[in-house]
Structure formats: C-alpha cells, structure tokens
Amino acid sequence: MVRDEQLKANWEALVTKLSDQFADGEKMDLDSIIYLIGLQELGQPHRDFKKDEKLDLMHIAICRLLEPYGYYEFDYFDEDGWAHYKVKEALPPLKAGEQTILMKEAIVNYFLESTYIS
C-alpha cells in the first residue's frame, strides 16, 4: 500500500509540474503526457506533426517507457531521427486499470531518472 501511495504522490506532483510548464496550469492527462514524452524522445518539439505522426510519437514514448520493464528494446534511429524498437516480450493481458497503473509508474520512473522530479 505504501508503494501505491508513493506512486500517487509522485504522479500528482509530476502532473502539476508538467501542467504548469506545458499547459498553462490546465491538468494534463495520461495521453498528453505520453505525447510529450514522445516529443522529448524524438527531439523535434517545435514542428507540426500529422495525425499519424502524433500516433507514432506516442508509440515511441510507450516503447521507451516500457523498455526498462523488458517489453521493448531500442533497435535503431531511421534517417529522419525516429526511434525504432523491437518487441522483446509481449505485454501480459492487463485490465484497463492495471494498464494505467503500469504507465503511470513507468512515466514517474522516466521523470525520476531524468531528475525532472525527485
């Protein structure tokens, strides 16, 4: 239970900090934070993206977030600088709530690792 409380506290602190910095204080949701991570990972934050590219950004973020859990492995960067990952292990079947917790935990760990939060 303590781990869940720590995750919740870290998540709320992260959402507040990101929302203040990137959304004028309007609370960011999970998808918008994943998109933001995709932008960070691509390293091209100031360009316009087509709809399919936005989905690709989210895919890059999810692969990067789940890489430390052993589900994906970085493979290569293509000529346009987009990261490509290969599946190492299929994700187990998770209920929606379990998926959300896994992603929140992975996101918190990502930002702890980068020292954006402590």
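User: What does leucine 14 touch, and what makes that a contact?

Analyst: In this predicted model, leucine 14 touches Ile107, Val108, Phe111, Tyr116 and Ile117, with residues up to four places away in sequence not counted. Contact means heavy atoms within 4.5 Å. Local features here need pLDDT of at least 70 and side-chain atom pairs count only at pLDDT 80 or more, whereas totals for chains, interfaces and linings use all residues. Residues are numbered from 1 along each chain as its sequence is written, and side-chain values use heavy atoms, with hydrogens and water left out.

User: Why is asparagine 10 called buried?

Analyst: Asparagine 10 has a relative accessible area of 15%, and buried means under 20%, with exposed over 50% and partly exposed in between (1.4 Å probe, protein chains only), so asparagine 10 counts as buried. Asparagine 10 lies in helix α1, where helices (H or I, at least four residues) and strands (E, at least two) are DSSP runs numbered from the N terminus. Not counting residues up to four places away in sequence, asparagine 10 touches Val108, Leu112 and Ile117.

User: Is glutamine 99 buried, exposed or partly exposed, and how do you know?

Analyst: Glutamine 99, which is found in helix α4, has a relative accessible area of 44% and is therefore partly exposed.

User: What makes a set of residues a nonpolar core, and which members of the largest one touch the most others?

Analyst: A nonpolar core is a set of buried Ala, Val, Leu, Ile, Met, Phe, Trp, Tyr and Cys residues joined through side-chain atoms within 4.5 Å. The largest has 34 residues, of which Leu14, Leu18, Ile33, Ile37, Leu65, Ile107 and Phe111 touch the most other members. Two or more residues come from each of α1 (2-22), α2 (30-42), α3 (51-66), β2 and α4 (96-113).

User: Why is α2 called oblique to α4?

Analyst: The axes, lines fitted to C-alpha atoms over the helix stretch in contact with angles from 0 to 180 degrees between N-to-C directions, come within 11 Å and cross at roughly 40 degrees for α2 and α4. Angles under 35 degrees count as roughly parallel, over 145 as roughly antiparallel, 65 to 115 as roughly perpendicular and the rest as oblique, which means that α2 is oblique to α4.

User: How do you know that β1 and β2 pair?

Analyst: Two strands pair if DSSP finds at least two bridges between them, and five bridges join β1 (residues 72-77) to β2 (residues 83-87), which run antiparallel. Phenylalanine 74 has tyrosine 85 in β2 as its bridge partner.
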